[in-house]
Amino acid sequence: MIRVFGFLVGITFAGVLLISLISGVATYFADPPAALASTVFHEEPKALHLTSDGPFGKFDNRQLQRGFQVFSEVCTACHSLKLVAFRDLKQIGYNEPEVKKIASDWKIQVPSINDQTGEPATRPAIMSDTFPAPFANEVAARAANNNALPPDLSLITKAREGGAAYVYSLITGYQTQPAALLKQFPDAKTPDGLYYNPYFANLNIAMPPPLTSNGQVSYADGTNPTVDQMAKDIAAFLVWTAEPDLARRHADGIAVTIFLLFATVLGYMAYTQLWAEAKRKVAPVGPLDSANKARRSRAARAARITTSG
Amino acid sequence: MSFSWAKPYEPKSALARWMDDRMPLPRLVYGAIGGGYPVPRNLNYFWNFGVLAGIFLTIQIVTGIVLAMHFMASADGGAFNTVNQLIMRDVNAGWLLRYAHMNGASFFFIVTYIHIFRGLYYGSYKAPRELVWMLGLVIYLLMMATAFMGYVLPWGQMSYWGAQVITGFFSAFPLVGEPIRVWLLGGYAPDQATVTRFFSLHYLLPFVIFGVVILHIWALHIPGSSNPTGVDVKNERDTLPFHPFYTAKDGWFAGAFLTLFVIVTYFAPDYLGHPDNYIPANPLSTPAHIVPEWYFWPFYAILKSFTVNFVLPAKLWGVLAMFSSILLLFLLPWLDTSPVRSGNYRPIFKRFFWLLVIDVALLGWAGGFAPTPMRVAVGQAATIYYFLHFLVILPIVGRIETPLPLPDSISSSVLHGEDAESAPAAIASKRPPRAKTVTAAN
């Protein structure tokens, strides 16, 4: 009964699926799906190598500080960094007085209230504050950015396929729309107010090119601030903001892996030793079987004879 | 215990005797996972995955309880921020707890899938172990519910839209569907009520799983474990006590598998996740492709394979097929007509089994990525095979197949020529002449 019922259910599902499959294939050949500019001209992120890559990766604090400089002079005009606190900057090599100064000098103040009147007010940031957002709310952010919302950057390298390489490629990827694209897709012209960028999912991004000229930021450590260098540094910085504990994670991971491998080898040796006997000893028939050995040594003891086993 | 030669528990100290007379918990443990549980001596490494599943359940419960101390189930940014700011940055080793919990879920499913496929290949679902199999499926269903609700809790984009899509399954049913969906979500769309209730249930269900695991093991211990030959245990020569033999084997293998787990957790913690879940949930912005976690991909492919409204709406077909794809496994003991358990002795079944493994992998591939015409077609073909395999092929194969001759007993299949007469030279040379041993001593 169960099998008859099952057979009917199976045949029904298979039949309906076959109809779906055939109609899908027929549609595909009768009306092939049109190519889209965003699939034909989209590009995968360029290769980017950072010191934090790989299982032994660590952050390069000088690079992170340069990235932070780019963030504070360029990105912060539109983007927030809500999950990162000023005190976290101590992890990338700033000392406490420096961090205090960075917080109190930060151009955006922290929303607060007036102590006396309770009216909304602002105050300078302190170490425990997270980076204040440039816009009070989403409406204000969209109003100032051609109706696009600049995403929070705290987790951006985790929240995009390709991570840091994507950020680096996007920032350095602005170009004029290729003539080949317009020839193939005449309707796909980049609208006014958007910018062509083949690394962006739909090719047209609302963010204006953030890094436009070499020397836009003057690095405190004397590194030559080319657009490429600045893009790499901000990408590295955003890897850090996404996971400040990354270097710690790598270091711990190596220790834990070595410990577990060692424990596994010990466990394996114990296992083989234990089973060496068990695998032979299917039945206590041979003289080496422990049951027979024990019987023998008992007999030997009873006869007061010392044997070597 | 089932076998007459199972060693009874012997309390070794006065305290143990005192305890044994009043509440014989040590006796229970000894009989369940100690020296008092005789296990077939020929188990291969596929039999380690049950214990591993128990280990991962424990890891999930322990990490989850600590994470819950820091988590706030709040839809307006609170849940996302407590996970991504408080736990990942400020809680001591919070990042480790969270990554271990995230990847622990994936590894729990990996070991469970291997455990299930082992059962499929070696016929572990056949009499007298039908209830072991069915209780295992109940655990699997509970795991799916728990994992789904856990994935909603960080309240990222995939959390939100996953909740939207998965509860949306119910709205495919006419009349009752939409009210059920609203009742499950506590509103018309995922919101505060959803997060709070999912958190509550996500905390509850692992303990329900733990309870069913106990039933699963209890039911297993009545007939005892199956084995790669599928031949019943006949006498003491066929078994070894669970402890120390299988505790040692499980022990080192668990070490090896946990090494793999920590490598992923420490060095590629986000590899098995989706980047979109690091974007806070936004009801106004739908992700380009909503996909569940990898362990649901095959079922997602089955759901999406129905594209034509044939008598019933395509969506309803998809939902019915998806639920059936799991529920039919409950009937497996009666669908498979062959009396032979192990696939090793079933030449035709064996081929179809490997076809099923490939089929499920293809379903996963079809369900996990953006639907292209190619992927949809492959998903449909693979779904057809999935249903035919269980509902049509298995019942027929059992009837037409001639199984290979089975060994007389487990011990005869693993003797390795260890009978004294046929001992390999290497070992034979180490053995003193048989009859003279005792006389020499005399």
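Residues are numbered from 1 along each chain as its sequence is written, and chains are lettered from A and ligands numbered from 1 in the order in which they are written. Because the model is predicted, local features need pLDDT of at least 70 and side-chain atom pairs count only at pLDDT 80 or more, whereas totals for chains, interfaces and linings use all residues.

The C-alpha trace of chain B spans about 90 × 60 × 40 Å along its principal axes. Of the 442 residues in chain B, 42% count as buried; a residue is buried if 20 or more other C-beta atoms lie within 10 Å of its own, exposed if 12 or fewer, and partly exposed in between, with C-beta atoms placed from the backbone. Among contacts in chain B with a separation of 6 or more, 77% come from residues 24 or more positions apart; two residues are in contact if their C-beta atoms, placed from the backbone, lie within 7 Å.

The domain assignment of chain B gives domain 1 (20–290) and domain 2 (300–403), with bounds that come from an automatic or database assignment. Taken over C-alpha atoms, the centres of these two domains of chain B are separated by 23 Å. Contact between them involves 21 residues of domain 1 and 19 residues of domain 2. On the domain 1 side, α5 (94–121) and α6 (130–152) of chain B are the elements that give two or more residues, and α6(B) supplies the largest share, five residues. By class, that side has 14 nonpolar, five polar and two charged residues. Here Ala, Val, Leu, Ile, Met, Phe, Trp, Tyr, Cys and Pro count as nonpolar, Asp, Glu, Lys and Arg as charged, and the others, Gly among them, as polar.

Between the chains, 60 residues of chain A are in contact with 65 residues of chain B. The elements that give two or more residues to the chain A side are α1 (2–30), α6 (156–159), α10 (246–280) and α11 (290–302) of chain A. Of these, α1(A) gives the most, with 19 residues. The chain A side divides into 39 nonpolar, 11 polar and 10 charged residues.

Turning to local features of chain A, strand β1 (residues 81–85) is mostly covered, with four of its five residues buried. Two bridges join β1(A) to strand β4 (residues 130–131) of chain A, and the two run antiparallel; strands pair if DSSP finds at least two bridges between them. In this pairing, A:Leu81 stands opposite A:Phe131 in β4(A).

A:Ile113 belongs to strand β2 (residues 110–113) of chain A. A:Ile113 counts as exposed because it has 12 C-beta neighbours inside 10 Å. Leaving aside residues up to four places away in sequence, A:Ile113 touches A:Gly118, A:Glu119, A:Pro120 and A:Ala121. From C-alpha to C-alpha, A:Ile113 and A:Arg123 are 8.5 Å apart in space and 10 residues apart in sequence.
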